[in-house]
Amino acid sequence: MAFDTRPLCVCKVNLLFIFALFAAVECLSKGFRSHARDDGSREAVFEEQWFTQKLDHFSGAESSVWKQRYFLNEAFYKPGGPVFLMIGGEGPANPAWMKNGTWLTYADKLGALCLMLEHRFYGKSHPTADLSTNNLRFLSSRQALADLAHFRTVMGEARGLTNNKWVAFGGSYPGSLAAWFRLKYPHLVYASVATSAPVHATVNFPEYLEVVWRSLASENAQCPLLVKKASDSLVQKLKDPETFDNITKDFNLCSKLQIQTEMDSAYFLEMLAGNFMDVVQYNEDNREFEGVQGGNITIKVLCDVMSDPSLGDPYARYAAVARLLMDTFSLKCLDASFSNYLRDMTNTSWEGPAAGGGRQWVYQTCTEFGFYQSTDSPNQPFTGFPLDYQLKQCADFYNVSAEQVAQAVVQTNEYYGGYNIKSSRIVFPNGSIDPWHALGITQDITAELPAVFIKGTAHCANMYPARSQDLPQLSLARDHVLLLLQQWLKN
């Protein structure tokens, strides 16, 4: 799964690519999308607030508590109206979502009070003194759902909202949480909008890159073929140490390329593939309001570069794509060292380079979800980062074995139901360009578990603020979700 560190909908960006941008871009928090009305007459300020939360909801012997961050917007609330709860994900909760986002358009129309709760262990919500593996045992989707349940119960009582209808919102991993919140706590949440939600856990997720192939081909049939030629060419070059100086120069690496183990080459190859994975996942979305850079780099831009013979052969064009992304994110050079990555990912300090979400999210993949976007399928354009490479990181970072990962994934699907979720009043929007739709609900399960499959859109597109260049089917999808909410809340 990709590591998402945008506030709400981050889920699933290529982990290595995002990690490489940590120092330069604060957009690693997969996830939140929120849209509140701002007509320019006043600039609303949403101050962070704090909620006392239990460290371990499942042990009566554990009495420790901590402070969880949340935000509140009462601008649209009408007495008796619903309560919208935006669920935080693998990164800091961004208060920009309290001013902008489709959910606020819905709140305006439905008279809803809006809350956003940051996920434990992300952003400023620090339940423990550090990120040691021993402390990370308190990081799980089940604990996060219990956080939501306790928050909803206490806030309902404190604000006189116990009998109001609560609606959960989330995108990507938080989208999964939104669905599972309704599933596991139906007495507390009345309905959920689970956008781009990967509800089926899987250790190996090669389908991600298969969708990347199809998404590139939707722009230009030759594009993924050129990417494959470039990737294959690079793999061949990596077999000859004599080429390392040129590769270092071609990709503007921070230090001379060192390939001493298969982990070194896999890390480098995945990082470069991440240039395409990230752009495809968020293609032509409307993230700028979150302060995210790079929205101008689209599938079309990448395919135009890969199709430009003036830049040289496909390998040279591949390097040009890498330099384009580095320029976009103001990176002076690319750190392709797996040993540096290992060092950073095993730093357990809250001030560490991976504390923005990288160490935490990879832990969740190792202990709950898998989601490893490997090159094990022949029907995708990249080579060199197989499942074994992904699993070895679980052992290196947290001493979690491949067998333990497999067992955890089985338990996750047993607990939540995977594709066979049994509930009601959950809508599942997904985009056809988004690789994560392969693990989501793209066809109606029942009339009360409808899917909204949006052709031509990417990850969490329906959550972002509307704009004039939106595809007609995206606008219709937003309207359809609103209609469902209106119908459900009327009952």
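Partly exposed describes a residue whose relative accessible area lies between the buried range, under 20%, and the exposed range, over 50%. Cys 254 has a relative accessible area of 40%, so it is partly exposed. The model is predicted. A search of the whole structure gives 3 disulfides, and the aromatic pairs number 29.

**Disulfide Cys 223 to Cys 303**

- The sulfur atoms of Cys 223 and Cys 303 are 2.2 Å apart, and the two residues form a disulfide.
- The S-S torsion of Cys 223 and Cys 303 is about -90°, so this disulfide is left-handed.
- Distant parts of the chain are linked by this pair: Cys 223 belongs to helix α7 (residues 223-237) and Cys 303 to helix α10 (residues 299-306), 80 residues apart.
- Cys 223 and Cys 303 are both buried.

**Disulfide Cys 254 to Cys 333**

- Cys 254 is joined to Cys 333 by a disulfide with an S to S distance of 2.0 Å.
- The link of Cys 254 and Cys 333 is right-handed, with 95° about the S-S bond.

**Disulfide Cys 366 to Cys 394**

- Cys 366 and Cys 394 form a disulfide in which the sulfur atoms are 2.1 Å apart.
- The torsion about the S-S bond of Cys 366 and Cys 394 is about -85°, so the disulfide is left-handed.
- Cys 366 is part of helix α13 (residues 358-369) and Cys 394 is part of helix α14 (residues 387-398), so the pair ties together parts 28 residues apart in sequence.
- Cys 366 is buried, its relative accessible area being 0%.
- Cys 394 is buried as well, with a relative accessible area of 1%.

**A further cysteine**

- Cys 114 counts as buried because its relative accessibility is 0%.

**Positive phi**

- Phe 121 is not a glycine, yet its phi is positive, at about 75°.
- The loop between β4 (113-117) and α3 (133-136) contains Phe 121.
- The relative accessibility of Phe 121 is 0%, so Phe 121 counts as buried.
- Asn 399, also not a glycine, has a positive phi of about 60°.
- Asn 399 is placed in the loop between α14 and α15 (402-416).
- Asn 399 has a relative accessible area of 68% and is therefore exposed.

**Aromatic pairs**

- The count of aromatic pairs comes to 29.
- In the pair of Trp 97 and Tyr 464, the ring centres are 5.8 Å apart and the planes stand at 35°, so the pair is tilted.
- This pair links distant parts of the chain, with Trp 97 in the loop between β3 (83-87) and α2 (102-110) and Tyr 464 in the loop between β10 (451-454) and α16 (472-490), 367 residues apart.
- Trp 97 is buried, with a relative accessible area of 0%, and Tyr 464 counts as buried at 1% relative accessibility.
- Phe 251 and Tyr 315 form an edge-to-face aromatic pair, at 5.8 Å centre to centre and with 80° between the planes.
- Here too the pair links distant parts of the chain: Phe 251 lies in the loop between α8 and α9, and Tyr 315 lies in helix α11, 64 residues apart.
- Phe 251 counts as buried at 0% relative accessibility, and Tyr 315 is buried with a relative accessible area of 7%.
- A cluster linked by ring pairs takes in Tyr 173, Trp 180, Phe 205, Tyr 208, Trp 361, Phe 369, Phe 371, Tyr 415, Tyr 416 and Trp 436.

**Charges over rings**

- Tyr 415, one of the residues in that cluster, has the charged end of Arg 142 over its ring, 3.9 Å from the ring centre.
- Arg 425 lies over the face of Tyr 190, with a distance of 3.8 Å from the ring centre.

Notes: Residues are numbered from 1 along each chain as its sequence is written. This is a predicted model: local features need pLDDT of at least 70, side-chain atom pairs count only at pLDDT 80 or more; totals for chains, interfaces and linings use all residues. Side-chain values use heavy atoms; hydrogens and water are left out. A disulfide is a pair of cysteine sulfur atoms within 2.5 Å. Helices (H or I, at least four residues) and strands (E, at least two) are DSSP runs, numbered from the N terminus. Buried means under 20% relative accessible area, exposed over 50%, partly exposed in between (1.4 Å probe, protein chains only). Rings of Phe, Tyr and Trp (its six-membered ring) pair if their centres lie within 6.5 Å; planes under 30 degrees apart count as stacked, over 60 as edge-to-face and the rest as tilted. A charge sits over a ring if NZ of Lys or CZ of Arg is within 6 Å of the ring centre and within 35 degrees of the ring normal.
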